[in-house]
Amino acid sequence: VAIKLLAKGTGKLANEMALRLRDEARILGLIQHRAVVGVDGLVRLENGWAVVMEYVSGVDTSMLVQHGPCPIRVCLEIMEEVASALHAAYNHASTATGAPLRLIHRDIKPSNIRITARGEVKILDFGVARADFETREAHTRSTLFGSYQYMAPERLDGIDGPEVDIYALGLVAARMLTSLAFAEPPKHATRHSSFVKGIVDSIKARLAQPDESMDEEQQQVFCTMLEQMLAYEPEDRPTARD
């Protein structure tokens, strides 16, 4: 197993992180999907709380890209698994209420997507996730959680919908395909348009390499999908199911 321990701290933030750690254990216990790390339980130790979860042997995608760009079909399979898990997490019905869990990860990034030696995909770290369930403890939005480099523009305005995970997954795909580290997404619409164009142009150059197995039409379909995932307006992005 893997044991996630809460670092020692004091004050309001430390208390909120303790609530979020306990919420993470409950969230993982509610989701059953092959791409979501399993949880064995929440344990109270002498110095605080710990989550006992499935140990996932492998590497995360941030380590993969250190060896260069990922093949397009590998990238697509990883994207499909993550999107499938995001769809299940958002739409899975709570056993207590029967209502959808409406879980949003809010921190999709390469280091939170792990690949096993058998090619399994696992999403890690639901510690800053939001979900609708009765036993949730952390409700405050006083702190903006997540990674700015993969953060959708609307999150700075306190808007957290399932679209933020789609946006982040689009940036993860761009990172995998190019092995480039892009700047933080601009929050201004005009600058954001140029930002996305630069990413898509980099991917088009990568897909034009002779070692790739996509024809011109398939490349265009993929680039169009990626542009939609990185749309400035949340309503313009596809759903995880799409």
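The crossing of helices H3 and H4 is right-handed in this predicted model, a crossing being called right-handed if the near helix is turned clockwise from the far one by less than a right angle, and left-handed if anticlockwise. Helices (H or I, at least four residues) and strands (E, at least two) are DSSP runs numbered from the N terminus. The model is predicted, and local features therefore need pLDDT of at least 70, side-chain atom pairs count only at pLDDT 80 or more, and totals for chains, interfaces and linings use all residues. Residues are numbered from 1 along each chain as its sequence is written, and side-chain values use heavy atoms, with hydrogens and water left out.

Two packed helices are described by the angle between their axes and the distance between the axes. Axes are lines fitted to C-alpha atoms, for helices over the stretch in contact, and angles run from 0 to 180 degrees between N-to-C directions. The axes of H3 (residues 72-91) and H4 (residues 163-178) come within 10 Å and cross at roughly 160°. That makes H3 roughly antiparallel to H4, where angles under 35 degrees count as roughly parallel, over 145 as roughly antiparallel, 65 to 115 as roughly perpendicular and the rest as oblique. On the H3 side, Ile 72, Cys 75, Ile 78, Met 79, Val 82, Ala 83 and Leu 86 take part, and they meet Asp 165, Leu 169, Ala 173, Met 176 and Leu 177 of H4, contact meaning heavy atoms within 4.5 Å. By class, this contact of H3 with H4 has 11 nonpolar, no polar and 1 charged residues; Ala, Val, Leu, Ile, Met, Phe, Trp, Tyr, Cys and Pro count as nonpolar, Asp, Glu, Lys and Arg as charged, and the others, Gly among them, as polar.

H4 also packs with H5, at an angle of about 40° and with the axes 9 Å apart, and H4 and H5 are therefore oblique to each other. The crossing of H4 and H5 is left-handed. Here Tyr 167, Leu 171, Ala 174, Leu 177 and Thr 178 of H4 meet His 192, Phe 195, Ile 199, Ser 202, Ile 203 and Arg 206 of H5, and the contact has 7 nonpolar, 3 polar and 1 charged residues.

The largest nonpolar core has 61 residues, and those with the most contacts inside it are Leu 103, Phe 126, Ile 199 and Ile 203; such a core is a set of buried Ala, Val, Leu, Ile, Met, Phe, Trp, Tyr and Cys residues joined through side-chain atoms within 4.5 Å. Elements that each supply at least two residues of this core include helix H1 (11-30), strand S3 (48-53), helix H5 (189-207) and helix H6 (216-229), while H4 gives the most, with 11 residues. When neighbours within four places in sequence are left aside, Ile 199 is in contact with Leu 171, Ala 174, Phe 182, Leu 226 and Leu 230. Gly 170, found in H4, counts as buried at 0% relative accessibility, where buried means under 20% relative accessible area, exposed over 50% and partly exposed in between (1.4 Å probe, protein chains only). Although Gly 170 and Met 229 are 59 residues apart in sequence, their C-alpha atoms are 5.6 Å apart in space, and Gly 170 touches Leu 226, Met 229 and Leu 230, not counting residues up to four places away in sequence.

Across the protein there are 6 helices and 6 strands, which run from the N terminus as β-α-β-β-β-α-α-β-β-α-α-α. Of the 242 residues, 47% count as buried, and residues 24 or more positions apart account for 67% of the contacts with a separation of 6 or more.

Further positions were examined in the loops and in H3. Most residues other than glycine have a negative phi. In the loop between H3 and S5, Arg 102 has a positive phi of about 55° although it is not a glycine, and at 29% relative accessibility Arg 102 counts as partly exposed. Arg 106, placed in the loop between H3 and S5, has a positive phi near 75°, but Arg 106 is buried, with a relative accessible area of 8%. Ser 84, in helix H3, is partly exposed at 28%, and the C-alpha atoms of Ser 84 and His 33, 51 residues apart along the chain, are separated by 8.6 Å.
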